Amino acid sequence: MSEGDRRFLRSLYEEIEQEKRLLQGPGEGPDQQRLTIYTSVFNKVIGRAIAYRSLLSTIKTEYDGVIRAGRGKEGEARAARRRLAAVDSQPASLASCLTLEESGHPEVLSRHLVCLEGERDALLARRHHYVSLEVKAELDTKMKTTEDQRDQLTAENHRLYLLYQALRFVSDSLVRWEESGQQVPVEDFLRSTLEDLSQTSESDHGADGDVFEDDEPTKVNRSQLLTDYLKRFVEAFEAGQFEDAALLAARSPHGVLRNTKTMEMFKEVSEYQGKTPPLLQLFQALLMSSPDGVPLPPAVSLEGVRCALEHGSVALVSHAVTQHKLTFTEALGDILTEHAQKDGGVTDACLVWATVVYQACSLHRKIALSMCRRGLIHGAAEFINHCQNFTTEDCIWVLCRCPSLSLLQRLTERHQGRAAILSVGEACSTLLLIPEQQELVLQLLDHLVTEGRLETAILQDAVCPAEGWAELASLCARLNQTRLSQEILSVLLAQTGTSVLFPDPEGARLMEHVFL
């Protein structure tokens, strides 16, 4: 660890202690003020650790999701305690929740009857979720009996299959014996055949063959079982039991309901109970039931992430991306990037996830753009300089979508003894043709003039020839940047044997005007 890092850590510890003293919060236990202090410090660590910034940002997002979930559960617990306290505080009575005096008033009893009927209806609506212990015990007994019967039938089926194989072997042997002219007595032939049969293992005769394939109970009933399963799903969906329907769809045999058609069904639902929309319930069920290493299909991934972001389920998206539950596509990364620009509260998190997706798809220009939008200009420049497939066109594409003088300077400077990835002349000539980028180019040229490095930039530019720089000077003159235009021409004319050729007569007349 360098001395600078040690000083940085000491300053963080001092800041934590000072803020805790000023806020005077509790020394132990959960506290919002102390959480704010450590969140601020952790953000500073992320800002300094460039190499591990992406990883630390992902970790922070996970912690934030856990904290939000904990707060939600704590709020539910407090509400439950308040309800329990309210019930306990009511006086005992002959009728539940009524005092002895109230139980003598017909109007009070009528209102209470309405409340009780409402509770009864709510319980009846939920009773399909539960069965009595007696019914459960009876069903368990039936299940055990059915499993035992299945095992017995399987064993009998296997025994009959082996018998069939043996009889077919003997029958085939007798046919061959007849065709051979019956040279051996039938008794001797059968004795020899049965000895061969006893020495032959079951596997030699294909014990796993398909002779009784059509008689297997599971295959006979497979179509019916699937039909019954789909019927249960439709009944739950039409009854408005979307949570149950989502679980049935997520666990459907062979994934027959884990597709975009099912998502469209849930998406079209406009009326539902509770805060969680049916489509989001389906996406949650699909993620939780998805086995490791088997991501959701591309279209399902896109629709699910779009719904989760729309309803603020950031923790769900974080889980889906970090656990590789989704199929990573360019479209998925674009959805995350678009949401980052809309919702400032999750901008950094969405850009981190988008970067993960773009990396999986090897979309280098979009990786660099995401880094720039997160403020990681130096890191983006390092990435671009080390990326072998990054072209001049890619650099211009990034600069047009995230204009940055700092990035443009780094891309037009030599890197570790190598030529700059972007030619100053070529970059300026291209960007000056785009009205929105003209100010960026003028800032770069002005900086080169101020630092006295314009001549070096022109002479070391192996991509843009003198004619290109002359055209650049002409463009500067058209933009009323006379000083910059004259500085460029002065460098060109100062070189021995250099003749400045203008692309058109109008450019020449402009330059004549510059020197008048």
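**Reading contacts, rings and cores**

Me: Which residues does Leu230 touch, not counting residues up to four places away in sequence?

Reply: Contact means heavy atoms within 4.5 Å. By that rule, Leu230 touches Val256 and Leu257. A word on the source: this is a predicted model, where local features need pLDDT of at least 70 and side-chain atom pairs count only at pLDDT 80 or more, while totals for chains, interfaces and linings use all residues. Residues are numbered from 1 along each chain as its sequence is written, and side-chain values use heavy atoms, with hydrogens and water left out.

Me: How far apart are Leu230 and Leu257 in sequence and in space?

Reply: They are 27 residues apart in sequence, and their C-alpha atoms are 8.7 Å apart. Leu230 lies in helix α7; helices here are DSSP runs (H or I, at least four residues), numbered from the N terminus.

Me: Is Leu230 buried, exposed or partly exposed?

Reply: Buried means under 20% relative accessible area, exposed over 50%, and partly exposed in between (1.4 Å probe, protein chains only). At 31%, Leu230 is partly exposed.

Me: How do I read aromatic pairs, and how many are there?

Reply: A pair of aromatic rings is described by the distance of the centres and the angle of the planes. Rings of Phe, Tyr and Trp (its six-membered ring) pair if their centres lie within 6.5 Å; planes under 30 degrees apart are stacked, over 60 edge-to-face, and the rest tilted. The count here is four aromatic pairs. One of them is Phe233 with Phe266, tilted at 6.4 Å centre to centre and 40 degrees between the planes. Phe233 sits in helix α7 (residues 217-238) and Phe266 in helix α9 (residues 260-267), so this pair ties together parts 33 residues apart in sequence. Both Phe233 and Phe266 are buried. Phe237 also pairs with Phe266, edge-to-face at 5.1 Å and 70 degrees. Ring pairs link Phe233, Phe237, Phe242 and Phe266 into a cluster.

Me: What is the largest nonpolar core, and how many residues has it?

Reply: A nonpolar core is a set of buried Ala, Val, Leu, Ile, Met, Phe, Trp, Tyr and Cys residues joined through side-chain atoms within 4.5 Å. The largest one has 97 residues, and Phe266, Val305, Leu326, Trp353, Trp469 and Ile488 have the most contacts inside it. Helix α14 (residues 347-361) supplies the largest share, eight residues. A second, separate core of five residues includes Leu12, Ile16, Ile37 and Val41.

Me: What span should α14 have, and what span does it have?

Reply: The expected span of a helix is 1.5 Å times one less than its number of residues. For the 15 residues of α14 that gives 21 Å, and its end C-alpha atoms are 21 Å apart, which agrees. Buried residues in α14 include Leu351, Trp353 and Tyr358. After α14 comes Ser362, whose phi is positive, near 60 degrees.

Me: How many disulfides does the structure hold?

Reply: A disulfide is a covalent bond between the sulfur atoms of two cysteines. The rule used here is a pair of cysteine sulfur atoms within 2.5 Å, and the structure holds zero. For Cys372, the nearest cysteine sulfur is that of Cys402, 5.0 Å away. Cys372 is buried, with a relative accessible area of 5%. Cys476 has the sulfur of Cys428 as its nearest, 7.8 Å away. Cys476 is also buried, at 0% relative accessibility.

Conventions: Helix = DSSP H or I, 4+ residues; strand = E, 2+ residues; numbered from the N terminus.
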